[in-house]
Amino acid sequence: MLGDIITPDLFASALRMATPLALAAIGGTICERSGVVNIALEGMMLVGAFFGTVITLATGNAWLGIIAAVVSGVAVSAIHAFASINLRSDQVVSGTAINILALGVTGFMMERLYGHPGTTDPTGTLGPVFKFAMSDDGFFGTIWNWINGIFLSHTPIVYMAIIIAIVAQWAMFRTRWGLHLRALGEHPRAVDTVGVSVIRGRWIAVLMSGGLAGLAGANLTLEQVGSFTENMTNGRGFIALAANIFGHWTPVGSYLASLLFGFADALQIKLQIFRGEINIPPQFFLMLPYVLTVVVLAGVIGRAVGPAAVGKPYEKE
Amino acid sequence: MPVLELREITKIFPGVVANDRVSLELERGEIVALLGENGAGKSTLMNVVYGLMSSDGGQILVNGEMVKIKSPRQAIDLGIGMVHQHFMLVEPLTVTENIILGREPGRLGVIDFATARQKVQEISARYGLKVDPDAKIMDLSVGMQQRVEILKALYQGASVLILDEPTAVLTPQEVKELFRVVRSLVDEGLSVVFITHKLEEVMSVSDRIVVMRDGKVVGETKPSETDDVGLARMMVGRDVVLSVEKGPSTCGAQVLEVTDLEVRDDRGLEAVRGVSFTVCGGEVVALAGVSGNGQSELVEAIVGLRRPSSGSLQLKGLDITHASARASIEAGVSHIPEDRHRRGLVLEFDLAENLILGDHRLPPFASHGIMHPSAIAGVAERRIEDYDVRTPSWHVLASNLSGGNQQKVVVAREIGRNPELLVAAQPTRGLDVGSIEFVHKQILAERENGKAVLLVSLELEEVLSLADRILVIFEGRIVQEFTVDEVDEETLGYYMTGGGGSKLDGEAEHVEMTEGDS
Ligand SMILES: Nc1ncnc2c1ncn2[C@@H]1O[C@H](COP(=O)(O)OP(=O)(O)OP(=O)(O)O)[C@@H](O)[C@H]1O
Ligand SMILES: [Mg+2]
């Protein structure tokens with residue numbers, strides 16, 4: 001039975017499941033590094049998922065849908081940026097409000113546009129980027145099938161997420177933008193005293209996080225599910241926050257942590273298939289990713305220290 | 001023509017005129033010392049010059065030209081650099097990253113770290129400011145951090161350097177080193193404004209002295225035309241007793257007993273390696289040492305902010321080895337922390353709240369979990385009055401007080417609690433001479449009342465004038481013990497830098513300077 005569970009498909013599915021988490025987590029990393037808490041990733045992802053579907057249904061073009069998802073994520077994040085940076089309101093309150101708003105607005109618009117709640121018409125899903133044939137050529141054939149199955153069977157946004165993680169990591173530690181970003185969340189006044197704008201730096205970071213969360217939403221609908229269902233993000237935005245913490249506020253770390261959550265999710269699904277033989281209620285498997293989140297957030301696996309000034313509005317003297 | 005000229009600068013805060021038509025000139029290659037009581041308006045004036053605060057009147061001229069300085073960026077572009085009373089460094093970033101922040105070399109937004117490091121090394125070699133460009137700020141001593149601040153200003157092209165109380169946090173050795181650096185800066189044509197409360201420093205380093213009181217310039221002089229006593233009088237407006245009188249020690253019952261204490265620092269390294277000593281009632285015991293030799297960790301362990309890894313702590317027979325900070329306060333331990341911003345104050349709270357912090361859950365300030373504002377206000381008003389905290393009222397937020405007045409708030413609260421044991425780390429950091437005199441008197445009054453005092457100070461003068469017994473700490477061990485009348489600064493300095501025969505490598509720099517001095 002173990003051979004049936006541990007297949008290339010399990011790992012491929014882990015990568016797939018990790019993708020929306022990783023994109024949102026990297027968004028969270030960038031946002032928190034600038035000193036702004038973003039618990040609205042959930043809502044931004046949901047809005048991205050919704051508008052991605054709406055535009056794809058309207059135009060028949062999933063790429064336009066992806067662009068719409070990113071743009072709508074950015075738009076929602078602008079609310080968070082304005083509230084927490086310019087109005088200096090409490091960032092957790094603003095984030096919570098956006099999450100509630102996102103849920104309400106997508107549900108409401110769904111009824112308005114399609115005349116019914118629940119799930120939209122199917123959009124179909126984007127296909128894999130590569131289509132390599134399987135091999136039946138003995139030992140090397142098996143290795144090829146594993147590589148092909150795990151790494152070469154994916155849709156575009158899965159690869160985008162990997163590239164984004166690597167580029168963001170490089171940018172965070174090698175570029176001017178990255179240096180300012182890292183300083184912003186630790187000691188905004190120090191950044192201000194050398195003449196770099198705190199307001200601008202934080203705005204850019206929050207908008208980037210919105211765009212990434214929107215892209216995560218697009219991945220959910222246009223690549224994984226193929227339609228939009230109300231509240232379909234189902235807590236992924238919060239798991240992404242946990243992944244960001246577990247990844248110690250670095251893009252690659254966030255990606256790897258998301259992979260762990262994605263694996264838990266993939267395993268959970270796989271185990272459900274075999275639940276007849278294992279005799280454990282399926283609810284336990286469903287709990288797996290969330291239990292992992294609680295464990296991580298409770299600081300069981302090493303204490304992580306975030307940016308010193310995160311969550312504190314900046315005020316000039 | 002002066003490189004910097006201030007004409008009638010005025011700055012008004014709600015309820016306070018911090019600068020009242022202040023004029024000041026700074027010539028090229030000159031070191032001007034800016035002197036004045038806590039709250040006199042020195043930092044405010046310099047913040048206006050650096051573009052951190054806007055003035056309510058007056059003019060600034062740089063090289064004879066009238067300028068408007070609205071942001072630090074403009075100040076930097078005009079060649080003005082400032083090292084703040086509270087540093088502006090990003091702790092988890094490296095020295096190089098901090099120095100180049102805002103002016104990174106490179107193309108298309110990609111930082112050229114090789115060039116950056118090289119530039120940093122160039123400047124640091126040119127002015128003799130040695131520092132590891134790849135070290136993280138949080139791993140550096142305060143003295144080193146200050147070097148980074150100076151390097152940052154130089155990297156940004158400063159020709160006027162403002163140093164706001166640069167010596168308040170330095171060891172005597174580091175102060176000498178800083179003075180050497182400052183002299184080499186003026187030799188290169190820079191001009192320096194130097195704020196300090198230490199009169200002997202003013203005398204030794206400055207070309208000209210400007211004294212402020214209550215937001216006004218009250219006098220100007222030269223080191224050759226005055227002395228400590230004259231300066232103190234000019235500053236405070238009365239005669240100040242610069243040395244304290246104290247009677248013989250009356251050692252009563254044992255209050256604190258430290259046995260074989262071992263404590264680890266934040267990185268898990270052994271910082272205190274088996275320390276034993278006692279402090280009895282009616283006695284001031286001082287811990288003398290170069291900073292970073294385990295004093296901070298030892299103090300934190302005693303006051304319940306850090307868990308010892310082994311050994312024991314007894315307060316009047318009560319075991320407080322693993323006591324929390326709250327249990328420690330309740331057992332009768334007061335703590336004046338060395339860093340008032342990190343430990344001593346909640347900057348966003350008002351003075352009344354800060355003045356009772358730690359006792360806020362006890363009568364008369366609270367009962368059954370309900371706070372009593374009038375009792376709190378009453379005590380706050382009395383403490384503000386007693387300790388001469390310069391503020392319009394207790395409603396003011398702690399962050400709006402001058403550095404020295406913030407310190408007075410901490411001291412007032414901790415001594416006001418009437419503890420069995422007072423642990424005072426750098427209790428007079430950033431205080432003017434008048435306030436130092438007052439705080440010293442308060443510490444000695446605790447001693448007269450039979451209370452135990454553990455003093456940690458980098459100022460040997462302070463140690464020698466307050467302590468009955470002196471423990472020298474080096475590399476986490478107590479290497480020597482003296483009674484105050486059998487020791488002088490030279491001997492202490494010798495043992496503090498490892499002269500007592502612990503390993504010397506790595507500390508060679510300090511030893512060199514101590515020798516050069518004698
Ligand atoms: N942001 C602020 N808001 C309100 N009042 C302020 C603020 N900053 C300073 N003050 C007040 O202005 C006066 C001058 O403060 P300043 O910090 O310039 O004193 P200072 O001379 O530097 O004193 P110290 O030697 O204690 O550092 C003080 O009375 C202080 O309470
Ligand atoms: Mg000051």
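1. An oxygen atom of ligand 1 lies 2.7 Å from an N or O atom in the side chain of Ser402(B). Please keep in mind, here and in every point below, that this is a predicted model, and that the distances are therefore computed from predicted coordinates.

2. Ser43(B) also approaches the ligand through its side chain, one of its polar atoms being 2.7 Å from an oxygen atom of ligand 1. At Gly403(B), by contrast, the polar atom in question belongs to the backbone, and it is 3.5 Å from an oxygen atom of ligand 1.

3. Turning to the interface between the chains, 20 residues of chain A are in contact with 26 residues of chain B. The area buried between chain A and chain B comes to about 1900 Å², and carbon and sulfur atoms contribute 65% of it. On the side of chain A, Arg176(A), Thr193(A) and Val194(A) together supply 33% of the area that this chain buries against chain B, which is more than any other three residues supply.

4. How many salt bridges are counted between chain A and chain B? The count is 2, and a salt bridge is formed by Glu97(B) with Arg182(A), whose closest N and O atoms are 2.9 Å apart. Across the same interface of chain A and chain B, 7 residue pairs are found in polar contact, with both residues at pLDDT 80 or more.

5. The elements of chain A that give two or more residues to the side touching chain B are helix H7 (156-174), helix H8 (176-184) and helix H9 (188-193). The residues of that side of chain A divide into 8 nonpolar, 5 polar and 7 charged.

6. Within chain B, Ala352(B) is found in helix H12, which covers residues 351-356. Is Ala352(B) buried or exposed? Ala352(B) counts as buried because its relative accessibility is 3%, where the cut-off for buried is under 20%.

7. Leaving aside neighbours within four places in sequence, Ala352(B) is in contact with Ile376(B), Ala380(B) and Trp394(B). Leu397(B) is 45 residues from Ala352(B) in sequence, and the C-alpha atoms of these two residues are 9.0 Å apart in space.

Technical notes: Residues are numbered from 1 along each chain as its sequence is written. Chains are lettered from A and ligands numbered from 1 in the order in which they are written. This is a predicted model: local features need pLDDT of at least 70, side-chain atom pairs count only at pLDDT 80 or more; totals for chains, interfaces and linings use all residues. Side-chain values use heavy atoms; hydrogens and water are left out. Helices (H or I, at least four residues) and strands (E, at least two) are DSSP runs, numbered from the N terminus. Buried means under 20% relative accessible area, exposed over 50%, partly exposed in between (1.4 Å probe, protein chains only). Contact means heavy atoms within 4.5 Å. Buried area is the accessible area (1.4 Å probe) that two parts lose on being put together, summed over both. A salt bridge is a side-chain nitrogen of Lys or Arg within 4 Å of a carboxyl oxygen of Asp or Glu. A polar contact is a pair of N or O atoms within 3.5 Å; within protein, one must be able to donate a hydrogen and the other to accept it, and residues adjacent in sequence count only if both atoms are side-chain atoms. Ala, Val, Leu, Ile, Met, Phe, Trp, Tyr, Cys and Pro count as nonpolar, Asp, Glu, Lys and Arg as charged, and the others, Gly among them, as polar.
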